[in-house]
Amino acid sequence: MRVLMLSKACIVGIYQPKLEAIARHGVDLTVLTPPDWRDERGANALERSHTSGYQLCAIPIRFNGNFHLHHYPTLGREIRKWRPQIVHIDEEPYNLATWQALRHARRLGAKSLFFSWQNILRAYPPPFNWGERWTLRNADYALAGTDAAAGVLRQKGYSGPLAVIPQFGTAPDLFQPAGIRPERPFTIGYIGRIVPEKGLEILLRAVAGLEGAPRLRLIGGGSARAETEALANALGLSDRVSFSGQLPSPDLPGEYHELDALVLPSLTRPNWKEQFGRVLVEAMASGVPVIGSDSGAIPGVIADAGLISPEGDVEALGYALRQLRDQPGLRADLIEKGRARFLAHFTHERIAEATVAVYREMLN
């Protein structure tokens with residue numbers, strides 16, 4: 001079968017093994033991405049890290065960085081060139097790029113599917129609500145990253161076939177336990193966007209209340225970097241907290257080996273709650289115990305393979321960190337459970353198998 005996927009997310013090198021796995025299932029796969037994608041962290045260039053067995057093509061983009069309005073001026077030409085049987089639109093149904101790709105797929109007579117992480121029922125203003133309704137009426141299939149996202153699609157009136165499949169998996173040979181832990185102070189990590197909704201203020205205050213001078217590594221970029229650094233200094237943590245900017249994705253596996261715990265302390269907002277938290281999966285794959293808040297999808301990702309702390313609760317997060325630091329047996333148990341959960345549910349191969357099963361269903 002011939003599949004063309006449109007995905008700005010696939011510029012990230014560590015996401016690309018899923019594409020190789022899809023191709024190994026007999027799919028003639030072409031993936032179109034922009035040359036880079038811009039967000040609050042800056043411009044993220046296309047990484048060609050895993051490109052065997054499929055075509056990875058960068059095409060021009062307009063309104064780069066605008067989540068809702070970005071689109072691709074040569075997309076129609078590309079779809080006519082590759083003549084896919086299925087156009088996999090790796091975008092939300094309310095985005096202009098989705099409407100554009102769906103329109104060209106229908107013109108060609110190709111089947112189409114879109115992907116959604118949106119786990120809050122939101123009403124968008126025109127023209128986005130018009131485009132969303134048109135997509136929900138005309139797409140042949142929908143993929144949702146979580147059960148909550150699937151529920152939102154149904155509430156919005158989507159009545160077609162739907163599967164719950166995370167957007168990407170993680171590579172078990174790339175993210176794996178390091179082995180013997182070296183002697184070092186207890187080291188806590190956060191990897192992701194440095195923005196208010198990620199709850200880094202809660203994490204800093206929890207670390208400030210811990211005895212024994214644990215270390216904290218914050219990796220990523222974002223609009224709240226300056227404020228977060230200022231708070232660390234005000235809390236007397238300047239000699240215990242290190243900040244690293246956004247790293248190329250191939251560098252991330254080694255970063256997990258520097259950590260004794262990974263924390264995702266996300267805070268629900270009226271227009272956002274945690275949609276997945278893939279750093280939790282990467283940490284579990286890497287043999288790092290995880291702590292997450294109870295925002296959005298986090299409890300479902302962690303299940304019994306980590307600790308859940310009520311969002312916004314500094315004392316509860318501090319208690320969870322003390323448990324991991326002071327109870328070697330608990331750490332070992334969560335390391336084992338985390339790796340097992342990752343292998344059972346979140347590898348690229350698992351995600352690819354489920355995705356190809358959807359492709360076959362669409363064509364049959």
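Two strands count as paired if DSSP finds at least two bridges between them, and helices (H or I, at least four residues) and strands (E, at least two) are DSSP runs numbered from the N terminus. The model is predicted: local features need pLDDT of at least 70, side-chain atom pairs count only at pLDDT 80 or more, and totals for chains, interfaces and linings use all residues. Residues are numbered from 1 along each chain as its sequence is written, and side-chain values use heavy atoms, with hydrogens and water left out.

**View A. Hairpin of strands 3 and 4.** Strand 3 (residues 36–39) is antiparallel to strand 4 (residues 42–45), with 4 bridges between them. D39 lies opposite G42 of strand 4.

**View B. Parallel strands 10 and 11.** Strand 10 (residues 187–191) and strand 11 (residues 215–219) run parallel and are joined by 5 bridges. I191 has I219 of strand 11 as its bridge partner. With helix 6 (residues 200–208), these strands form a right-handed β-α-β unit; right-handed here denotes a path from the first strand over the helix to the second that runs clockwise when the strands point away from the viewer.

**View C. Parallel strands 11 and 12.** Strand 11 pairs with strand 12 (residues 241–244) through 4 bridges, in the parallel sense. The bridge partner of I219 in strand 12 is S244. Helix 7 (residues 225–234) carries the chain from strand 11 to strand 12 in a right-handed β-α-β crossover.

**View D. Positive surface patch.** R77, R80, R103 and R107 make up the patch (residues with over 30% relative accessible area and no salt bridge, like charges joined within 9 Å; area by the Shrake-Rupley method with a 1.4 Å probe; salt bridge, a side-chain nitrogen of Lys or Arg within 4 Å of a carboxyl oxygen of Asp or Glu). Helix 2 (75–82) and helix 3 (96–108) each give two or more residues to the patch. R80 belongs to helix 2.

**View E. Backbone at R83 and P127.** Most residues other than glycine have a negative phi, and most peptide bonds are trans. R83, not a glycine, has a positive phi of about 45 degrees and sits in the loop between helix 2 and strand 6 (86–89). The P126 to P127 peptide bond is cis, with omega near 5 degrees. P127 is in the loop between strand 7 (111–116) and helix 4 (128–138).

Conventions
Patches are made of residues with over 30% relative accessible area and no salt bridge: like charges are joined within 9 Å, nonpolar side chains (Val, Leu, Ile, Met, Phe, Trp, Tyr) within 5 Å. Lys and Arg count as positive and Asp and Glu as negative; His and the chain ends are not counted. The place of a charge is taken as NZ of Lys, CZ of Arg, CG of Asp or CD of Glu.
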